[in-house]
Amino acid sequence: MKLEKSVAVVTGGGTGIGRAVSLALARAGAGAVVVTYSRSRTEAEQTADQAREWAGGSRAIAADVTDDAQVRALADQVLAAYGRIDVLVNNAGGTRAVPHPDLAGLTDEIWRDVLDVNLLGAFRCVRAFADALRESGGAVVNVSSISAYRAGGSSIAYGVSKAAMLQLTRGLAVALAPEVRVNAVAPGTVQHTRWQPGLHGEQGFAERAAREREVVPLRRTAEPEHVAQAVLGLLGMDMVTGETVIVDGGKHVVY
């Protein structure tokens with residue numbers, strides 16, 4: 001698909017991977033990038049401001065993906081403002097850190113919270129925009145995680161939610177065909193985001209990343225921009241749907 005003058009929505013687009021994707025879309029020629037947020041208003045507005053340097057119609061809109069009414073209102077606002085949507089990137093996500101052996105600590109509430117944002121949030125967004133995406137012949141990219149493939153990550157619930165997102169990607173690729181393509185990216189460790197330092201602390205994350213670089217084939221830690229490259233790559237692959245690109249420097253092949 002051609003990104004020139006397209007309208008894109010990036011959920012959770014104000015920080016980290018979402019910010020990198022938003023700016024990459026703007027630089028690639030999008031006419032407008034809608035950066036959604038639920039808590040990070042300042043960062044989302046700053047990202048939208050920067051995106052407007054290339055994509056003049058960009059803006060930030062508040063939308064909690066765990067609230068279907070807010071998601072539908074987002075879709076209404078986007079279509080009222082631009083008349084179309086061409087790209088949807090489901091990046092909004094969250095976790096609750098619980099050590100894997102601590103089954104008692106992984107409460108029903110945590111399960112519901114993590115699945116609600118990571119899995120159902122993405123589904124709600126696709127459902128709200130489905131008709132408009134079909135009309136434009138658009139594309140969806142879901143942001144999953146390497147935790148979808150291995151028993152690691154911040155909690156069992158997080159890994160399950162990201163694995164379920166891959167099956168959601170496959171299911172939606174069939175449900176929305178032939179008009180809409182649906183793919184996913186699965187990042188491994190990504191630096192310069194709030195995610196990993198928030199879980200491990202700045203020093204703890206730096207030490208973990210350094211140890212990982214000793215065994216990762218590419219001997220590097222991914223940046224948010226590397227994930228954005230994969231997202232834009234999938235958007236440009238007109239005969240690819242239902243697939244996932246792992247972005248981890250090749251670590252998954254030597255686990």
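This is a predicted model: local features need pLDDT of at least 70, side-chain atom pairs count only at pLDDT 80 or more; totals for chains, interfaces and linings use all residues.
Student: How many salt bridges does the model contain?

Tutor: Side chains of opposite charge can pair when their charged atoms come close. Here a pair counts when a side-chain nitrogen of Lys or Arg lies within 4 Å of a carboxyl oxygen of Asp or Glu. By this rule, the number of salt bridges is ten.

Student: How many residues apart are Arg96 and Asp113?

Tutor: These two side chains meet in a salt bridge, with an N to O distance of 2.9 Å. Arg96 lies in the loop between β4 (87–90) and α4 (108–136), whereas Asp113 belongs to helix α4. The pair thus links distant parts of the chain, and the separation is 17 residues.

Student: Which residue of the salt bridge between Asp238 and Arg181 is buried?

Tutor: The bridge spans 4.0 Å from N to O. It joins the loop between α8 (224–235) and β7 (244–247), which holds Asp238, to strand β6, which holds Arg181. Asp238 counts as exposed at 52% relative accessibility. Since buried means under 20%, the value of 11% identifies the buried residue as Arg181.

Terms used. Residues are numbered from 1 along each chain as its sequence is written. Side-chain values use heavy atoms; hydrogens and water are left out. Helices (H or I, at least four residues) and strands (E, at least two) are DSSP runs, numbered from the N terminus. Buried means under 20% relative accessible area, exposed over 50%, partly exposed in between (1.4 Å probe, protein chains only).
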